[in-house]
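I opened this entry to keep a record of what I looked up in the structure shown below. I begin with charge, then go on to the overall build and a handful of residues.

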Amino acid sequence: MTLWIAIGAIALLSFTFKAAGPAVLGDRELPGRARSVIAMVAPALLAGFVVVDLAGPGWGAFDLTVVAGVAAVVVLRMLRAPLMVAMAGAVVVTAALRFAG
């Protein structure tokens, strides 16, 4: 549940930054470097939250089967598999590793 609260907070923060920009700057444009940094803040924070959620506090709950499932999603999505197929593949990989171990 904490992860979803964090995702919502990041989305709200990102929306606030994007909405405040025109109000503060008016018709002026931000420099390209500043725009690229602002665009990458939310994905970087989200990636950090996902890694912390996978590893647990203090990396004490690190589960390689879950990491393999997430890796399966990444690989299947890079191969252009539909999202539901990629998620089903992650479930199969995770379940197979847990059954084998």
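I looked up the charges first: the protein chain carries 7 positive and 4 negative side chains, and the centres of the two sets lie 6 Å apart. For this count Lys and Arg are positive and Asp and Glu negative, while His and the chain ends are not counted; each charge is placed at NZ of Lys, CZ of Arg, CG of Asp or CD of Glu.

Before going further I noted that this is a predicted model, in which local features need pLDDT of at least 70, side-chain atom pairs count only at pLDDT 80 or more, and totals for chains, interfaces and linings use all residues. Residues are numbered from 1 along each chain as its sequence is written, and side-chain values use heavy atoms, with hydrogens and water left out.

**Confidence.** I found a mean pLDDT (the predictor's confidence in each residue, from 0 to 100) of 85 for the protein chain, with 100% of its residues at 70 or more. Among the elements, helix 1 (residues 2-25) has the lowest mean, 80, and helix 4 (residues 83-100) the highest, 95.

**Overall build.** Along the principal axes, the C-alpha atoms fill a box of roughly 60 × 35 × 20 Å.

**Surface and contacts.** I noted an accessible surface of about 7700 Å², of which 76% belongs to carbon and sulfur atoms; the areas come from the Shrake-Rupley method with a 1.4 Å probe, and for residues only the protein chains shown count as cover. Of the 101 residues, 12% count as buried, where buried means under 20% relative accessible area, exposed over 50%, and partly exposed in between. Of the contacts (heavy atoms within 4.5 Å) with a separation of 6 or more, 48% are between residues 24 or more positions apart.

**F49.** What does F49 touch, not counting residues up to four places away in sequence? I found L3, A6 and I10.

**G21 and K18.** I then turned to helix 1, where G21 is found. Between the C-alpha atoms of G21 and W4 I noted 26 Å, for 17 residues in sequence. K18 is also placed in helix 1 and is exposed, with a relative accessible area of 53%; its C-alpha is separated by 11 Å from that of A42, 24 residues apart along the chain.

**R80.** My last entry concerns R80, in the loop between helix 3 (64-78) and helix 4. R80 has a positive phi of about 70° although it is not a glycine. Most residues other than glycine have a negative phi. R80 is exposed, with a relative accessible area of 74%.

Terms used: Buried < 20%, exposed > 50% of the residue type's maximum accessible area, 1.4 Å probe, protein only. Helix = DSSP H or I, 4+ residues; strand = E, 2+ residues; numbered from the N terminus.
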